[in-house]
Amino acid sequence: MFERFTEAARAVVKGAVVHAERERAERVDEGHLLLALLERRGSRGAFVLDALGLADEARRAEIGRAIGAARRRAGLSRADTEALAGLGIDVDEIVARVEEAHGVGALAGGRRVGGRRAFTGEAKKVLEGALRVAVRHGDRSIGDEHVLLALVSRGGSSASEALEGFGVDAGAVERVLYGGYEGEGRAAG
């Protein structure tokens, strides 16, 4: 599948690995893919994010903070946290107690110093979804825009929730990439 990735999509995958390495994370997750997408410039994925109002560094930083907060909650989404709250479980209180005893980020997963990082099952599903998106739209290669669309299509993940906070969902990404440009070809970028 990776032979079909464009240079921009490969840069996202490599960037995600770099983010995981910086955090000393054991595995590359969806959040790392999103952070790498947010760093892109001059690609179709970057065009989409910019068109949807995420060109601003402050907004990108806010998304990064939301992803970091979800990692501190062991990857639980807001929906998961709200569901647990309905059962009387205060996730923020649990995180605070665990971090008090074991240090900040204790629930974020194992720490790794070196070696090759594997991708989480969810991150792999995003990359597989990018292939399906490209095929569905008749594209011969998989670009970073397909990775973005696959990412936002996986509702309930911390990465998709972070984007939804800014009104970025699968419908919005589809409209920028493929809708509203009928007769004019695809979105530039």
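Helix H8 covers residues 144-153 and helix H10 covers residues 170-177; they pack at an angle of about 155°, with their axes 8 Å apart. The model is predicted, so local features need pLDDT of at least 70 and side-chain atom pairs count only at pLDDT 80 or more, whereas totals for chains, interfaces and linings use all residues. Residues are numbered from 1 along each chain as its sequence is written, and side-chain values use heavy atoms, with hydrogens and water left out.

**Overall architecture**

- The protein contains ten helices and two strands; helices (H or I, at least four residues) and strands (E, at least two) are DSSP runs, numbered from the N terminus.
- The order of the elements from the N terminus is α-β-α-α-α-α-α-β-α-α-α-α.
- Of the 189 residues in the protein, 41% are buried; buried means under 20% relative accessible area, exposed over 50%, and partly exposed in between (1.4 Å probe, protein chains only).
- Contact means heavy atoms within 4.5 Å, and of the contacts between residues at least 6 apart in sequence, 64% join residues at least 24 apart.
- The protein has an accessible surface of about 9800 Å², and carbon and sulfur atoms account for 50% of that surface; the areas come from the Shrake-Rupley method with a 1.4 Å probe, and for residues only the protein chains shown count as cover.

**Helix H8 and its partners**

- The crossing of H8 and H10 is left-handed, a term used if the near helix is turned anticlockwise from the far one by less than a right angle, with right-handed used if clockwise.
- On the H8 side, the contact is made by Glu145, Leu148, Leu149, Val152 and Ser153, and on the H10 side by Ala170, Val173, Glu174 and Leu177.
- The axes are lines fitted to C-alpha atoms, for helices over the stretch in contact, and the angles run from 0 to 180 degrees between N-to-C directions.
- H8 is mostly covered, as nine of its ten residues are buried; these are Asp144, Glu145, His146, Val147, Leu148, Leu149, Ala150, Leu151 and Val152.
- The buried residues of H8 pack against H1, H2, H3, helix H7 (121-136), H9 and H10.

- H2 is mostly covered, with nine of its ten residues buried; the buried residues are Glu30, Gly31, His32, Leu33, Leu34, Leu35, Ala36, Leu37 and Leu38.
- The N-terminal end of H2 is capped by Asp29, which has a side-chain oxygen 2.9 Å from the backbone nitrogen of Gly31.
- H1 and H2 pack with their axes 8 Å apart, at an angle of about 115°, and their crossing is right-handed.
- From H1, the contact involves Val12, Gly15, Ala16, His19, Ala20, Arg22 and Glu23; from H2, it involves His32, Leu33, Leu35, Ala36, Leu37 and Glu39.

**Loop residues**

- Ser43 sits in the loop between helix H2 (30-39) and helix H3 (44-51), and its relative accessible area of 6% makes it buried.
- The side chain of Ser43 makes a polar contact with the side chain of Asp144 at 2.4 Å; a polar contact is a pair of N or O atoms within 3.5 Å, where within protein one must be able to donate a hydrogen and the other to accept it, and residues adjacent in sequence count only if both atoms are side-chain atoms.
- Ser157 belongs to the loop between H8 and H9 and counts as buried at 8% relative accessibility.
- A polar atom of the Ser157 side chain lies 3.0 Å from the backbone nitrogen of Ser160.
- Arg24 is placed in the loop between helix H1 (7-23) and strand E1 (27-28) and counts as partly exposed, at 43% relative accessibility.
- The phi angle of Arg24 is near 60°, a positive value in a residue other than glycine.

- Ala162 lies in helix H9 (residues 158-164) and is buried, at 5% relative accessibility.
- Neighbours within four places in sequence aside, Ala162 is in contact with Ile63, Ala66 and Ile67.
- Ala162 and Arg60 are 102 residues apart along the chain, and their C-alpha atoms are separated by 10.0 Å.
- Glu62 is in helix H4 (residues 57-72) and is partly exposed, at 42% relative accessibility.
- The C-alpha atoms of Glu62 and Leu163 are 10.0 Å apart in space, while the two residues are 101 residues apart in sequence.
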